[in-house]
Every structure is written in structure tokens, then in C-alpha cells.
Amino acid sequence: MSDIGWGILGTGGIAHTFAKDLIDDGHIVAAVGSRSQGSADAFADEFGIPVAHGSYDDLVADDDVDVVYIATPHPAHADNAELALNAGKHVLIEKPFTLNAAEAQRVVDLAGDRDLVVMEAMWTRFLPHVERIRDLVNRGILGEVREFAADHMQLLSSDPGHRINALELGGGALLDLGIYPVSFASMLFGTPEQVEASARFGATGADAATAAVFRYGDAALAAVRCALDLRGTNTATITGTRARIEIDSVWYAPTNFRVVAHEGHLMEEYKSRVFGRGMQFQAREIERLIEEGLTASDIMPPEESVSIMRTLDDIRARIGLVYPQER
Ligand SMILES: NC(=O)c1ccc[n+]([C@@H]2O[C@H](COP(=O)([O-])OP(=O)(O)OC[C@H]3O[C@@H](n4cnc5c(N)ncnc54)[C@H](OP(=O)(O)O)[C@@H]3O)[C@@H](O)[C@H]2O)c1
């Protein structure tokens with residue numbers, strides 16, 4: 001097992017989920033850092049983490065921390081990542097990578113200057129069913145892939161102060177939920193040549209639902225939908241000239257899928273066998289990169305995270321969503 005030490009920055013919802021998967025998968029969580037000593041202590045007690053820091057500065061200065069996992073609201077990601085990189089730490093940054101592409105480029109440039117690993121925590125890409133799907137697509141089992149369609153719709157808090165709704169915390173369906181199908185489309189087809197989008201808005205001015213269509217020349221189309229006030233099917237379909245993949249709900253988490261030929265017969269039935277939420281696979285990838293002296297994952301390359309943020313910027317320009325930090 002690796003002796004790489006993780007530091008967890010932020011003690012909210014996803015930090016809990018990730019810490020559990022990390023520890024259950026046998027990784028070393030060396031320290032946790034919070035804006036308050038009380039939250040850091042409570043988190044450390046819950047997970048048996050040896051050191052609790054009452055500031056992010058102290059966390060990134062900890063010699064036992066090699067890689068910092070950033071689990072704060074989106075507008076804080078870039079500053080938190082820069083803090084960690086400037087302290088010489090590798091970083092795994094929750095999705096969306098940053099608030100916008102300009103911030104994303106800044107973080108990637110700094111990591112490059114410092115020769116450190118930076119990766120977006122787009123955990124879906126590292127899941128075994130997605131690894132298998134990449135393999136099927138790359139081997140041409142579907143023929144030429146022409147279409148991807150997916151929804152990500154959850155019934156989340158309607159509290160205007162909750163980060164999902166609060167504009168100053170990067171609220172809205174697109175950056176929180178829509179990023180999953182946007183990122184998956186990027187994995188399949190690259191950067192779209194043309195983007196169309198429409199949204200409806202909630203009381204705070206954050207997008208409650210967004211739908212977007214991407215065109216990749218005459219090669220392919222992708223249709224993505226997200227909403228934070230509806231429960232959707234949360235399924236996805238990848239269609240090629242010979243066959244399609246139908247990914248079951250919840251398509252972006254460990255799940256099953258079928259490969260169905262256009263003639264109608266079942267070509268493959270994939271059954272998921274993942275324990276926990278499935279966030280450990282991205283941790284294994286970061287540790288592999290560090291151990292092999294690499295700085296960029298070819299499964300979730302930093303430059304692709306910048307490109308995904310550009311696509312999200314493009315969608316936001318079309319629906320008219322500007323965050324207060326950008327005004
Ligand atoms: N991969 C996934 O499945 C997944 C799921 C949910 C969320 N996420 C992503 O993870 C990030 C955090 O989401 P979350 O749901 O965990 O959020 P959350 O429960 O609100 O926790 C965020 C944490 O960030 C810290 N923080 C720093 N500045 C803050 C500020 N100005 N306001 C509030 N908290 C602040 C706080 O920790 P301290 O008080 O300890 O400093 C807080 O507990 C988001 O970018 C989100 O997109 C990913």
C-alpha cells in the first residue's frame with residue numbers, strides 16, 4: 001500500500017463521503033483542515049484522523065500531507081488549490097474544477113510551474129463501469145459514436161442560503177449537476193464546436209434547470225439536462241452506428257449497463273460490483289501519478305478540466321448566468 005498522506009480541506013458533506021471511501025480503501029488520511037478548530041476536531045474524531053487543523057494554512061503546511069483534497073464550495077476551489085500548490089502539495093479538486101475557465105487555467109498553470117499533480121475530482125471517470133464503457137467505445141464496438149444523452153436531476157434544498165441556490169457560493173444546477181453529463185460528453189467527443197442552451201431560474205437567480213445541446217461538426221451531437229428541483233431518471237445513452245449503451249440509474253455513480261445492437265440483441269450486460277460510494281478510484285489514480293512521477297492523468301487531464309470550464313462558461317453566457325465574483 002502507498003504511504004502517501006492525504007489532507008482533507010473543508011469538512012462539509014462530500015468531505016465526509018470521500019473520507020469514508022478513502023479510509024475504507026486503505027489510504028492514509030494524515031490530517032483534516034477547517035476554518036474552525038471545532039469542525040476539524042469533530043471530523044478527525046469521526047474518522048480517526050490523527051491531526052486536526054483549525055485553518056487551511058496550517059493544513060497545507062503539514063509535513064505529513066502530500067496531497068490536499070479540496071472540498072469547499074466552487075468559488076473557493078481556485079484560491080484553496082493555489083494555497084496548497086504554493087505550499088508544495090499535490091491537489092485533487094472537487095467538481096466543478098473552479099468557478100470559470102480563467103480560474104481553471106490559473107490553477108493548471110501554477111501546478112505546471114510547480115511540477116505538481118492537479119486533478120479534478122470527476123470520480124465518475126474512474127468508476128469500473130465507465131472504464132469498461134471507454135474500452136468498448138475505443139474498440140469501436142458501437143461503430144462510430146454519434147450521440148450522447150443524459151440527465152442529472154435531483155430534488156435538493158430550496159433554502160436560498162444553501163450553497164446549491166446561493167449565487168455567491170456558485171449556486172445553480174449547471175455547475176453542480178450538469179457538469180456530470182457535460183464532462184461525459186467531453187470524454188466521448190472533446191470540445192463542442194457549437195453550444196446551444198436554455199434554462200429556467202429559481203428565486204435566487206441561480207439556474208434551477210438547464211438544458212444544452214452540443215454539436216461536434218457533423219460527427220456527433222450531445223444533449224444534456226440538469227435540474228435541482230426535480231427528481232429525474234438519471235440515466236444515459238451512448239449511441240453509435242452499430243449499437244448503443246444504456247446506462248442505468250444513477251448513471252454517473254457505480255451502476256449497470258447494457259450494450260444493445262441495433263438489430264435488438266443484447267451484446268453485453270455489465271453488473272457493477274463497487275463497495276461504498278466509489279470515490280476511492282480517483283484517489284488511487286492520484287497516488288499512481290505521484291508514485292510514477294507524473295503530473296497529469298490521461299483519464300482526467302487538467303487541460304480538459306479547463307476546456308470543460310470553457311464549455312460551462314459558454315452555456316452560462318447563453319443562459320445569462322453571471323456569478324457575483326465575476327461582476
Ligand atoms: N463528487 C461528488 O459527488 C460531490 C457531491 C457533493 C458536492 N461536491 C462538490 O464538493 C464541493 C463542496 O460541496 P458540499 O456539498 O460538500 O458542500 P458543503 O456541505 O456546504 O461543505 C463545504 C465546506 O467547505 C468549507 N467552506 C469554505 N468556505 C466556505 C463558505 N464560504 N461557505 C460555506 N462553506 C465553506 C466548509 O468547511 P469548513 O467549515 O470545515 O472550513 C464547508 O463545510 C462543491 O464544489 C460540490 O460541487 C461533489
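This talk walks through a few local features of one predicted model.

Let's start with the record. UniProt, in an unreviewed entry, lists residues 5-120 as "domain: Gfo/Idh/MocA-like oxidoreductase N-terminal". In the model, that stretch is 47% helix and 22% strand. Its end C-alpha atoms sit 18 Å apart.

Now helix α1, residues 13-24. How far apart should its ends be? At 1.5 Å a residue, twelve residues should span 16 Å. The end C-alpha atoms are 17 Å apart, so the two values agree.

Which residues of α1 are buried? They are Ala15, Phe18, Ala19, Asp21 and Leu22. Note that Asp21 is on that list. What covers the buried residues? The cover includes strands β1 (5-9), β2 (28-33), β4 (67-70) and β5 (90-93). Helices α2 (37-47) and α8 (280-291) are also among the covering elements. After α1 comes glycine 26, with a positive phi near 85°.

Next, a helix pair. Two packed helices are described by the angle and the distance between their axes. Take α4, residues 74-86, and α5, residues 101-114. Their axes come within 10 Å and cross at roughly 5°. Anything under 35 degrees counts as roughly parallel. So α4 and α5 are roughly parallel to each other.

Who makes the contact? From α4, it is Ala78, Asp79, Ala81, Glu82, Leu85 and Asn86. From α5, it is Glu103, Arg106, Val107, Leu110, Ala111 and Arg114.

On to the backbone. Where are the cis peptide bonds I want to show? One joins lysine 95 and proline 96, with omega about -10°. Proline 96 lies in the loop between β5 and α5. Another joins serine 249 and valine 250, with omega about -5°. Valine 250 is in the loop between β12 (243-247) and β13 (257-261).

Aspartate 115 has a phi of about 60°. Aspartate 115 is in the loop between α5 and β6 (118-120). Asparagine 234 has a phi of about 55°. Asparagine 234 is in the loop between β10 (220-227) and β11 (236-240).

Are these two buried or exposed? Aspartate 115 has a relative accessible area of 58%, so it is exposed. The cut-off for exposed is over 50%. Asparagine 234 is at 6% relative accessibility, so it counts as buried. The cut-off for buried is under 20%.

Key
Residues are numbered from 1 along each chain as its sequence is written. This is a predicted model: local features need pLDDT of at least 70, side-chain atom pairs count only at pLDDT 80 or more; totals for chains, interfaces and linings use all residues. Side-chain values use heavy atoms; hydrogens and water are left out. Axes are lines fitted to C-alpha atoms, for helices over the stretch in contact, and angles run from 0 to 180 degrees between N-to-C directions. Helices (H or I, at least four residues) and strands (E, at least two) are DSSP runs, numbered from the N terminus. Angles under 35 degrees count as roughly parallel, over 145 as roughly antiparallel, 65 to 115 as roughly perpendicular and the rest as oblique. Contact means heavy atoms within 4.5 Å. The expected span of a helix is 1.5 Å times one less than its number of residues. Buried means under 20% relative accessible area, exposed over 50%, partly exposed in between (1.4 Å probe, protein chains only). UniProt positions are given in the numbering used here, feature names are shortened, and annotations may be inferred rather than shown by experiment.
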